[in-house]
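Please read them with the coordinates open.

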Amino acid sequence: MKSLWTLDPNITYLNHGSFGPSPLPVQQAQREWMQKLEANPMNFLVRERETCIDNTLQQLAEFVGARATDLVPVRNATVGMNIVANSLPLAENDEILLTDHEYGAVQRLWQKRTAAAGAKITIASLPAVFQDADTIVEAIFSRVTERTRLIVVSHVTSSTALVLPVEQICRRARKEKIPVVIDGPHAIAMRPLRLQQLGCDFYTVSCHKWLSAGFGSGFLYVHPRWQHKLDPPIVSWGGTPYGRPRTWQDEYLWLGTDDPAPFLSISAALDFLQEFGIDRFRHETHELAARARQQLLDQLETAPLSTDSIDWYGSMVTVPLPETVEVPDSWTGKPHPLQENLWKKHRIEIPIIKWNHRMNIRVSCHLYNSQEEIDRLLQALRTELG
Ligand SMILES: Cc1ncc(COP(=O)(O)O)c(C=O)c1O
């Protein structure tokens, strides 16, 4: 499969989870959209763009089990989450409930939003080892109070690469009448999605991770009960050129002049994965991640973050590093020395992540990754950690 990607042959890329490169057919499709734009910007942006976006939304909607009329394009999950944060009514002493596995930038944006409103964040600590959905759901709902205005949970967590039982979380939240936003950039392609059935209020997606669409492509799912309460991040014309019936989506379809090629490349990314076989994709990438997990646990002699099941991790896995690996006191913005050494000395791109007072290694396994690359990583870790 590697020949379908244009990765530098001198590197070992084990970080699809952060930034997922596109295979050639997707790159080609994106180039063709740009050529269409460059050939006649007036024609493409004014006459054709909206229908092309509608078609892509329709194809996406079928893939994620939603109605196309409940989705809007955004450049990434971060933009989607910001829209939710800026739209949610919040009063003094209100609470936003997050788990202790949430993504750093998501924590930061909710901290900013709650501070501005005199509200606060509550953090639910999840079990040290994921093995049972009920315990995880209980850990979250034990922190709910009558002031809880929203639950923020990842579908697949960033640092720990764990899958949260979002179906059970949404079911319980509906019973308790608490809205839920799911931070879902890793889940599309990696996990089966039926958004309408899930019943969450919002779901944020980046398509430039596991789906491997162009960089700067994503969408936000909004349940109909929220659609007219949302504040668009950018105020523009808010309408469509040829006077088609107005919908809540209009405010998100033209945020000023922009290049729609990354979003439109989603169609080619869906075709690519569906042609390969989505179940086959999930199975093969998980198998590689599962083998990598076991080999890392054996070599590093550390304890896993979950039992060994596709219910708890998919195509990406995080393994704790030994306690002897230095843990920086606070986030310096600099990569960990081990991450730097793996890159500089071994040409391996892989994140070394601090989580729960410990350093961890996160391995992403896409179709272009191989056991040989995992062996290279294991050898490099032997050299670096002894
Ligand atoms: C769980 C989670 N949420 C949000 C994001 C932000 O994604 P993006 O940078 O595509 O907006 C990431 C990125 O890695 C993530 O892992």
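Predicted model: local features only at pLDDT ≥ 70, side-chain atom pairs only at ≥ 80, totals over all residues.

1. Domain division. The protein is split into domain 1, residues 28-273, and domain 2, residues 277-385. Between the C-alpha centres of domain 1 and domain 2 the distance is 27 Å.

2. Domain contact. On the domain 1 side 15 residues take part, and they are in contact with 18 residues of domain 2. The side of domain 1 that touches domain 2 is made up of 10 nonpolar, four polar and one charged residues.

3. Helices α11 and α12. How do the axes of α11 and α12 cross? They come within 5 Å and cross at roughly 80°, where α12 covers residues 278-300. With angles of 65 to 115 degrees counted as roughly perpendicular, α11 and α12 are therefore roughly perpendicular to each other. Leu 273, Gln 274 and Phe 276 of α11 make the contact with Ile 278, Arg 280 and Phe 281 of α12. By class, the residues of this contact are four nonpolar, one polar and one charged.

4. Helices α1 and α11. Helix α11, residues 266-276, also packs with helix α1, residues 24-39. The angle is about 160° and the axes are 8 Å apart. As angles over 145 degrees count as roughly antiparallel, α1 and α11 are therefore roughly antiparallel to each other. Their crossing is right-handed. From α1 the contact takes Pro 25, Val 26 and Ala 29, and from α11 it takes Ala 268, Ala 269 and Phe 272. The residues of this contact comprise six nonpolar, no polar and no charged.

5. Helices α3 and α4. Helix α3 (residues 77-87) packs with helix α4 (residues 104-117) at an angle of about 20°, the axes being 10 Å apart. The two helices are therefore roughly parallel to each other, and the crossing of α3 and α4 is right-handed. Thr 78, Met 81, Asn 82 and Ala 85 in α3 meet Ala 105, Val 106, Leu 109, Trp 110 and Arg 113 in α4. Sorted by class, the contact of α3 with α4 has six nonpolar, two polar and one charged residues.

6. Ligand shell. Which residues are around the ligand? They are Ser 18, Asn 76, Ala 77, Thr 78, Tyr 103, Val 106, Ser 154, Ser 158, Asp 183, Pro 185, His 186 and Ser 206. The shell has four nonpolar, seven polar and one charged residues. Thr 78 and Val 106, both among the residues around the ligand, also belong to the contact of α3 with α4.

Notes:
Residues numbered from 1 in each chain as written. Near = placed C-beta within 6 Å. Nonpolar A, V, L, I, M, F, W, Y, C, P; charged D, E, K, R; others polar. Axes fitted to C-alpha atoms, helices over the stretch in contact; angles between N-to-C directions. Helix = DSSP H or I, 4+ residues; strand = E, 2+ residues; numbered from the N terminus. Parallel < 35°, antiparallel > 145°, perpendicular 65-115°, else oblique. Left-handed = near helix turned anticlockwise from the far one by under 90°. Contact = placed C-beta atoms within 7 Å. Domains from an automatic or database assignment.
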